Amino acid sequence: MKVTDTKFTNFLNTLHPSLQDTIESTIDFSTPEKLDDDFLQLIKGLDTSLAEMMKSGATLSTNDEPEEEIKVLFCNTQNTDFDFTTAIEEQVIVWDGDYVTENDLVIADRNIVIINGQVICKNITVNEAHLFVNGKVICNVLFGASCNDMMTHIIHGIKAKSIVENGHYTLVEDSIYAENIVMIHNEITSNNETIATNIYKGNGKDNKKLSPSITNNEGYFDEEKFLHEIQSTNYKLFN
């Protein structure tokens, strides 16, 4: 793990072991490594000059660059209006305590956000970022969207009206209680039990099941329309 901040490493040791492992793996994955055997095997069968060019380019982008130190920001937990989407120098944001607000919680811009406590809010949007919660989540909507390379990991269960993902892995160690679960390009899973009234899993095109209020003219899931729809008290995801 590319973090030398003693306060952060000591903090990690206080978290649930499963969450600690996930966070360490995420940070390692976020930092360029040396060329691995799979990559070398992949280019082995290519034309010699092309293989050498690819190897040289990959080496320049990883091995020859100084190893980047991951920077960590510990937040003031008294400030519940903290904007997690603000561009900051730190890649890891730690909220050491409960996060409770009547507003939405939005996490974006490839940040790694760790909340060491309960999260109680209106809607949660995790867009091109990671969210790790060492506690319980209570919200109206939990929505995750990325290119299938980021995740949300919750330890003590979640209670929500809707949990939706569009290319974002969501793992809950305890139970999931929801009215609606929508999986477009990835998984929403529990290591305990999942209790939901409506569960949809597909490629996002289902004119018969998904509501027109969250699909485009071709019947595919529309993220922009979905985010607008959930602002309504009586939003509808299914026909």
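This note goes through a predicted model in numbered points, from the chain as a whole to single residues.

1. Basis. The model is predicted: local features need pLDDT of at least 70 and side-chain atom pairs count only at pLDDT 80 or more, while totals for chains, interfaces and linings use all residues. Residues are numbered from 1 along each chain as its sequence is written, and side-chain values use heavy atoms, with hydrogens and water left out.

2. Overall make-up. The protein chain has five helices and 15 strands. Of the 239 residues, 44% are buried. Buried stands for under 20% relative accessible area, exposed for over 50%, and partly exposed for the range in between, with a 1.4 Å probe and protein chains only.

3. Surface and contacts. Among contacts with a separation of 6 or more, 26% link residues 24 or more positions apart. A contact here means heavy atoms within 4.5 Å.

4. The parallel sheet. An open sheet of seven strands runs in the order β1-β2-β5-β8-β10-β12-β14, with parallel pairing. Its edge strands are β1 (72-74) and β14 (188-190), each of which pairs on one side only. On average, neighbouring strands of this sheet are turned by 10° against each other, direction ignored. The axes behind that angle are lines fitted to C-alpha atoms, for helices over the stretch in contact, and angles run from 0 to 180 degrees between N-to-C directions. Two strands count as paired if DSSP finds at least two bridges between them.

5. Strand β5. On one side, β5 (residues 112-115) is joined to β2 (residues 92-95) by four bridges in the parallel sense. Trp 95 stands opposite Ile 115 in that pairing. Ile 112 and Ile 114 point one way from β5, Val 113 and Ile 115 point the other way, and all are buried.

6. Strand β8. Four bridges also pair β5 with β8 in the parallel sense. Here Val 113 has Leu 131 as its bridge partner, and Ile 115 stands opposite Val 133. From β8 (residues 130-133), His 130 and Phe 132 point one way and Leu 131 and Val 133 the other; all are buried. Three bridges then connect β8 to β10 (residues 151-154), again parallel, with His 153 as the bridge partner of Phe 132.

7. Strand β12 (residues 169-172) and β14 pair in the parallel sense over three bridges. Leu 171 stands opposite Thr 189 in β14.

8. Tyr 177. This residue is found in strand β13 (residues 176-183), and it counts as partly exposed because its relative accessibility is 38%. Leaving out residues up to four places away in sequence, Tyr 177 touches Ile 158, Lys 159, Ala 160, Glu 193 and Ile 195. The side chains of Tyr 177 and Glu 193 make a polar contact at 2.9 Å. Polar contacts are pairs of N or O atoms within 3.5 Å; within protein, one must be able to donate a hydrogen and the other to accept it, and residues adjacent in sequence count only if both atoms are side-chain atoms.

9. Cysteines. With a disulfide taken as a pair of cysteine sulfur atoms within 2.5 Å, the count is zero. The closest cysteine sulfur to that of Cys 139 is in Cys 121, at 5.6 Å, which is too far for a bond. Cys 139 is buried, with a relative accessible area of 9%, whereas Cys 147 is exposed at 59%.

10. Positive phi. Most residues other than glycine have a negative phi. Glu 128, in the loop between β7 (123-127) and β8, has a positive phi near 55° and is partly exposed at 24% relative accessibility. Asn 148 lies in the loop between β9 (137-145) and β10. Its phi is also positive, at about 65°, and Asn 148 is partly exposed with a relative accessible area of 43%.

Note on methods
Helix = DSSP H or I, 4+ residues; strand = E, 2+ residues; numbered from the N terminus.
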